[in-house]
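Subject: Structure for you, with notes

Hello,

Here is the structure we talked about. Please load it first, then read the notes below.

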Amino acid sequence: MNAKYEKIKEIMEKELSCSAHNLDHVLRVHNLCIELAKYERDVDFDVLIPAALLHDIARVKESQDKTGEIDHAVLGSILAEEILNDLNYKKEKIEGIKHCIIAHRFRSGNEPQTIEAKILFDADKLDAIGSVGIARSFMLAGQFGQSLSRKDELNDYLTQNTSENGRLKDVSKHSPMIEYEVKFKEIPEKLHTQKAKEIGTDRLKFMDEYFKRLTLEIEGIR
Ligand SMILES: [Fe+2]
Ligand SMILES: [Fe+2]
């Protein structure tokens, strides 16, 4: 990594402390971005790499915000601009990086427009599924005291535990299996690049086998 990237990494290490969105996630996304970029043309790595390293800079600030108003993609692009200015990035690169960061999130309403933004979006979503996705969701489950499986009927659970802004009312009632049913399963179809769709479909197949087997083991059948 070059000196600027090392500096960004140092800043990120300080900013991220919660378990599932820590620097490990950022580095996995960085690696996936490089892999996905191999299958695309005209990728600007001076935009993609800093965007990958900075994309979740405001993640902890969002989770600590009780009002529910902070969107880490929006705040992240503002914080990234300050850092990139300090590191003497050119204005056009900063704009490209900011777009990647603001568009990396499903809920932000900003669709990725550039190839770099599409790659970052895809890499970030891929890190939520597959064996890493299983491990990450159980890390969160441990953090919030969740159960291994879901006990209630899924639709009843969703109406009872989701508030108007789409956030969970009680995180402890959630579980990796519910997250798989309502969120992870939809990921591959929402991806932009062909290679990410392939990796996503493969990762989902693995998750499906895992959760089926988990259900059988919980029921004592296997
Ligand atoms: Fe994010
Ligand atoms: Fe992320």
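Into which domains is the chain divided? There are domain 1 (1–113) and domain 2 (128–222). Please keep in mind that this is a predicted model.

Domains

The centres of domain 1 and domain 2 are separated by 25 Å, taken over C-alpha atoms. The contact between them involves eight residues of domain 1 and twelve residues of domain 2. On the side of domain 1 that touches domain 2, four residues are nonpolar, two are polar and two are charged.

Core

The largest nonpolar core has 45 residues. Which of them touch the most other members? They are Cys-33, Leu-48, Ala-51, Ala-52, Leu-54, Leu-120 and Ala-123. Why does the core lie between the two domains? Because domain 1 (1–113) and domain 2 (128–222) both give residues to it. As background, nonpolar side chains tend to be buried together in soluble globular proteins.

Leu-120 is worth a click. Leaving out residues up to four places away in sequence, Leu-120 touches Cys-33, Leu-48, Ala-51, Ala-52, His-55, Cys-100 and His-104. Of these, Cys-33, Leu-48, Ala-51 and Ala-52 are also on the list of core residues that touch the most other members.

Helix 3 against helix 7

Two packed helices are described by the angle between their axes and the distance between the axes. Here are both for this pair. The axes of helix 3 and helix 7 come within 9 Å. They cross at roughly 35°. The crossing is right-handed. Helix 3 brings Val-47, Leu-48, Ala-51 and Ala-52 to the contact. Helix 7 brings Glu-116, Ile-119, Leu-120 and Ala-123. By class, the contact has seven nonpolar residues, no polar ones and one charged residue.

Lys-118

Lys-118 is also in helix 7. Is Lys-118 buried or exposed? Lys-118 counts as buried, because it has 21 C-beta neighbours inside 10 Å, and the cut-off for buried is 20 or more. Apart from neighbours within four places in sequence, Lys-118 is in contact with Pro-112, His-192 and Thr-193. For a distance check, take Lys-118 and Arg-59. They are 59 residues apart in sequence and 20 Å apart in space, C-alpha to C-alpha.

Asp-42 sits in the loop between helix 2 and helix 3. Asp-42 is exposed, with 7 other C-beta atoms within 10 Å.

Where is Asn-88 found? It is in the loop between helix 5 and helix 6. Asn-88 is exposed, with 7 other C-beta atoms within 10 Å.

Lys-4 goes with Asn-88 in one more distance. The two are 84 residues apart in sequence and 9.5 Å apart in space, C-alpha to C-alpha. Lys-4 lies in helix 1. Lys-4 is partly exposed, with 17 other C-beta atoms within 10 Å.

Best wishes

Conventions:
Residues numbered from 1 in each chain as written. Chains lettered and ligands numbered in written order. Predicted model: local features only at pLDDT ≥ 70, side-chain atom pairs only at ≥ 80, totals over all residues. Core = buried A, V, L, I, M, F, W, Y, C linked by C-beta atoms within 7 Å. Buried ≥ 20, exposed ≤ 12 C-beta atoms within 10 Å, placed from the backbone. Domains from an automatic or database assignment. Contact = placed C-beta atoms within 7 Å. Nonpolar A, V, L, I, M, F, W, Y, C, P; charged D, E, K, R; others polar. Axes fitted to C-alpha atoms, helices over the stretch in contact; angles between N-to-C directions. Helix = DSSP H or I, 4+ residues; strand = E, 2+ residues; numbered from the N terminus. Left-handed = near helix turned anticlockwise from the far one by under 90°.
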